Amino acid sequence: MSVEAGRPAGRGAGQTHRTSYDAETSARLTADSDVIVARYPQARSALLPMLHLVQAEDGYVSPRGIAFCASHLGLTTAEVSAVATFYTQYKRHPNGDYTVGVCINTLCAVMGGDAIWEELSDHLGIGHDETTQDGAITLERIECNAACDYAPVVMVNWEFFDNQTPDSARGLVDTIASGEPVAPTRGADTVVKFTDMSRVLAGFDDGRANEGVGAGVPTLRGIELARAEGWVAPPLTATGTKAPAGGKPEVGGEQSSAERPVTTAGDVSAEGRRKKQTSDDAKES
């Protein structure tokens with residue numbers, strides 16, 4: 001049995017990664033990848049959305065997905081893997097149908113995010129980046145969901161569930177586990193599965209962009225207050241950070257490093273040479 005075929009909670013005995021896509025799947029992914037690549041002046045710039053595309057196919061960034069991206073973009077598998085392991089949205093092992101992310105960053109934490117995390121971890125019996133046995137839910141600690149005005153926040157497949165409590169979050173995952181649809185506080189009317197959301201992140205429209213609430217009252221409060229008070233940002237001045245005409249800094253100018261010396265006095269000093277030698281020795285050991 002292959003991991004990609006059933007996308008179980010984890011790879012067990014007797015399960016192997018498939019090494020390539022069948023002809024039909026490969027042709028479909030190639031056509032979608034050509035659409036993605038056409039958006040960029042350089043083909044390799046399409047790697048990030050292409051990783052979402054293969055994740056939409058396999059439920060994670062699989063070895064065959066990495067090989068496909070590398071082949072299509074003229075990269076090595078090592079180069080693709082380096083990118084796939086850098087960003088947390090790319091999963092390197094089978095993911096659940098729904099990723100439940102609990103924000104435990106400063107504001108959410110003090111507002112109850114830590115309590116929500118502990119409740120869900122205990123209730124589901126899993127920890128960070130682990131998946132329930134039925135493959136329904138992957139639980140994650142999130143450093144920031146960029147929604148401090150609604151803290152504490154939980155996200156399900158990157159859709160917002162605002163102002164959560166341990167009880168409401170537990171009810172949320174129970175609803176997901178039962179197979180019933182869940183509706184986010186803001187965004188689309190319902191949350192789609194992880195693979196469907198991955199395809200959206202690859203840049204393919206699912207026709208749901210205008211569903212639901214975009215920005216709530218707390219988010220808009222600042223701009224409404226500024227308009228009511230007539231507040232505007234001060235204009236940029238010649239001594240500020242405004243770029244020169246044409247949008248590029250002049251060579252040798254304040255924002256340019258083109259004419260800076262390659263080495264400085266500190267680099268060629270006895271202490272500087274000693275530090276460099278120590279660093280080089282450490283690399284060789």
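**Entry 1: a helix pair**

I looked up helix 4 (residues 63–73) and helix 5 (residues 77–84), whose axes come within 8 Å and cross at roughly 120 degrees. That angle makes helix 4 oblique to helix 5, since angles under 35 degrees count as roughly parallel, over 145 as roughly antiparallel, 65 to 115 as roughly perpendicular and the rest as oblique. I noted the conventions: axes are lines fitted to C-alpha atoms, for helices over the stretch in contact, and angles run from 0 to 180 degrees between N-to-C directions. Helices are DSSP runs (H or I, at least four residues), numbered from the N terminus.

I recorded the crossing of helix 4 and helix 5 as right-handed, that is, the near helix is turned clockwise from the far one by less than a right angle. Helix 4 contributes I66, A67, C69 and A70 to the contact, and helix 5 contributes T77, V80 and S81; contact means heavy atoms within 4.5 Å. I sorted this contact by class and found five nonpolar, two polar and no charged residues. Here Ala, Val, Leu, Ile, Met, Phe, Trp, Tyr, Cys and Pro count as nonpolar, Asp, Glu, Lys and Arg as charged, and the others, Gly among them, as polar.

**Entry 2: basis of the model**

I note that this is a predicted model, in which local features need pLDDT of at least 70 and side-chain atom pairs count only at pLDDT 80 or more, while totals for chains, interfaces and linings use all residues. Residues are numbered from 1 along each chain as its sequence is written, and side-chain values use heavy atoms, with hydrogens and water left out.

**Entry 3: salt bridges**

How far apart are the closest N and O atoms of E57 and R28? I read 2.8 Å for this salt bridge. The pair links distant parts of the chain, with E57 in helix 3 (residues 47–58) and R28 in helix 2 (residues 23–37), 29 residues apart. E57 is partly exposed at 23% relative accessibility, and R28 is partly exposed at 39% (buried means under 20% relative accessible area, exposed over 50%, partly exposed in between; 1.4 Å probe, protein chains only).

I next took R64 and D58, which form a salt bridge at 2.7 Å, N to O. R64 is buried at 7%, and D58 is buried at 0%.

Finally, I listed E119, D167 and R170 as a network of salt bridges.

How values were computed: Helices (H or I, at least four residues) and strands (E, at least two) are DSSP runs, numbered from the N terminus. A salt bridge is a side-chain nitrogen of Lys or Arg within 4 Å of a carboxyl oxygen of Asp or Glu.
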